[in-house]
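These are my notebook entries on a structure I had not looked at before. I went through it one element at a time and wrote down what I found.

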Amino acid sequence: MSLYAHEIPGGAAWSTPVRAGRLVTLTALGDDANCSTLIVGADRVDRMNIPDTLKAQMSARILPPMVLMSDRGLALASVVASSLDWHDCLGGFGHDAHLARFGPSSYQADRNEWRRSAHTGLVTELTKHGLGERDLHAPVNFFSRVSIGEDGSSLSFAPGHSVAGDTVTLRTEQDVLIVVSTAPHPMSVAAYAPAGVRVTVDTAPVVGPDDASYVFRAESARALEMTRRAVA
Amino acid sequence: MTAVHTSPAVAAGPAGNPANGPVHDATIGSGDGALVRVPAGGRLRIVDLFGNQAADTLLYDADDIDNRYSAFDTIREQGAVFLTTGSRLLSTRLDELAVITDDTVGRHDTIGGACAQESNVIRYGEHVRHQHACRQTFLAYGAAAGIGQRELGHNINFFMNVPVTSAGGLQFDDGLSAPGKYVELTASRDIWVLLSNCPQLNNPCNGWDPTPLQLLGWWS
């Protein structure tokens, strides 16, 4: 049914261009998956901007039907469905320093189980597309939840938030580059066993005026309208 | 309505060093910006002269501007959403760029981002398209250090109040600052500090009336 599917093992990184008007579904292949995700616009300069996305839609988490917005005020993708109502966008990506607790790892010792961080994986994948470290913006950590105490002085990672089979589906609103890492969330204290993620790409149905992302908030509708103009 | 602004209060030197006058003393006019190179160990104070003014701030390793302030690395590693005295301001490589060593306000936002012409359109509508915005100021002042669009990361909003709830909500409230309150950074390495004195007229972050900021620096 789908145009194609691809499985990313846990602890890996991957990037793919996706054309406008596609449904990209991420499916967790194990419990406690984490999929640190960057999205870059059609021109490969305009990046997903988490602060703009959050303040325009008055939310500190990602959930349907939010629109993922860019530096330039465009819609990159809409979150059209998910089995979870909370995807983290405050925790940032994991660094090599966060993997130190698992002990040393090298290709010599571990071959393709060599542990590398989301930071390393995302920069490597960005570089393949002519981008790099300076293009790093905050990711969405799909399948993870980081909540905040009422006083703002405590961030807590929720273990067990996602289980095998959980899904999130994005609808691409323009041609995008999607860059993902399945390395562990930097705040997770679990043993090293990152779950893989299946990516399926389908053709999205034509969007009508009653589309949930369009009617969610005036801000969401304006971002989608600005994108419609940009690709008109 | 235009508020009447009286002259800035005379700033005292940092605690423990009261006799030393600042080597850098500049006023950033309403809606304007600044780029300041602060050497390792140098102290830069940002004074909210008239209160309720948002100071949108980016930091860069002066030796490598790709090594820039990272809002979400900073809040995760300190385990708190807000910045205040003691907050270590970390880079995208987890290097410490600066530490907040004094703060008379109590807390500052770093997840709300900076206003842009484009995000203003999304938030308020097409009629605000040509209003001035912080990211215009960042680009204008950052150019001298090679800071362009791709080098802009997620910034700090000193003096700004963006409460986040445990239920995942987010809102903008009136600032907690007041005339003369300030925040002081001590540079952990040679850094660029890029500031936009926010010109935002559409939400309460500036009390609806952008006012000047003062920068005071002590270093040798």
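**Entry 1: a helix in chain A.** I started with the packing of helix 3 of chain A, whose buried residues pack against strand 2 (13-18), strand 4 (35-40) and strand 11 (176-181) of chain A. For contact I used heavy atoms within 4.5 Å. Helices (H or I, at least four residues) and strands (E, at least two) are DSSP runs, numbered from the N terminus. The model is predicted: local features need pLDDT of at least 70, side-chain atom pairs count only at pLDDT 80 or more, and totals for chains, interfaces and linings use all residues, while side-chain values use heavy atoms, with hydrogens and water left out. Residues are numbered from 1 along each chain as its sequence is written, and chains are lettered from A and ligands numbered from 1 in the order in which they are written.

Helix 3 spans residues 118-128, and I found A:Ala118, A:His119, A:Gly121, A:Leu122, A:Val123, A:Glu125 and A:Leu126 buried. Buried means under 20% relative accessible area, exposed over 50%, and partly exposed in between (1.4 Å probe, protein chains only). After helix 3 of chain A comes A:Gly130, with a positive phi near 80 degrees.

**Entry 2: A:Ala118.** I then picked one residue of helix 3 of chain A, A:Ala118. Is A:Ala118 buried or exposed? Its relative accessible area is 1%, so A:Ala118 is buried. Leaving out residues up to four places away in sequence, A:Ala118 touches A:Ser36, A:Phe93, A:Gly94, A:Ser181 and A:Ala183. I also looked up A:Asp96, which is 22 residues from A:Ala118 in sequence and 8.0 Å from it in space, C-alpha to C-alpha.

**Entry 3: a covered strand in chain A.** Next I read strand 3 (residues 22-28) of chain A, where seven of the seven residues are buried. In a regular strand the side chains alternate between the two faces of the sheet. Here A:Arg22, A:Val24, A:Leu26 and A:Ala28 are buried on one side, and A:Leu23, A:Thr25 and A:Thr27 are buried on the other.

I looked for the partners of strand 3 of chain A, counting two strands as paired if DSSP finds at least two bridges between them. Strand 12 (residues 197-203) of chain A pairs with strand 3 in the antiparallel sense over seven bridges, and A:Thr27 has A:Arg198 as its bridge partner there. Strand 10 (residues 167-172) of chain A is joined to strand 3 by five bridges, also antiparallel. In strand 10, A:Arg171 stands opposite A:Leu23.

**Entry 4: a sheet in chain B.** In chain B I traced an open sheet of six strands, in the order 1-11-3-9-7-6, with antiparallel pairing. Strand 1 (24-28) and strand 6 (88-90) of chain B are at the edges with a single partner strand each, so one side of each has no neighbour in the sheet. Neighbouring strands of this sheet are turned by 20 degrees against each other on average, direction ignored; axes are lines fitted to C-alpha atoms, for helices over the stretch in contact, and angles run from 0 to 180 degrees between N-to-C directions. Strand 3 (residues 43-48) and strand 9 (residues 181-187) of chain B are joined by six bridges. B:Arg45 has B:Glu184 in strand 9 as its bridge partner.

**Entry 5: where the chains meet.** I counted 45 residues of chain B in contact with 53 residues of chain A. About 3900 Å² is buried between the two chains, 54% of it from carbon and sulfur atoms; buried area is the accessible area (1.4 Å probe) that two parts lose on being put together, summed over both. On the chain B side, B:Arg76, B:Ile122 and B:Arg150 lose the most area to chain A, together 20% of what that side buries.

How many salt bridges are there between chain B and chain A? The count is five, a salt bridge being a side-chain nitrogen of Lys or Arg within 4 Å of a carboxyl oxygen of Asp or Glu. B:Glu151 forms one with A:Arg134, with the closest N and O atoms 2.6 Å apart.

**Entry 6: a helix of chain B.** Helix 2 (residues 117-124) of chain B has seven of its eight residues buried. Those buried residues pack against helix 1 (50-57), strand 5 (67-69) and helix 5 (218-231) of chain A, together with helix 3 (134-142) of chain B. B:Val121, in helix 2 of chain B, is at 0% relative accessibility.
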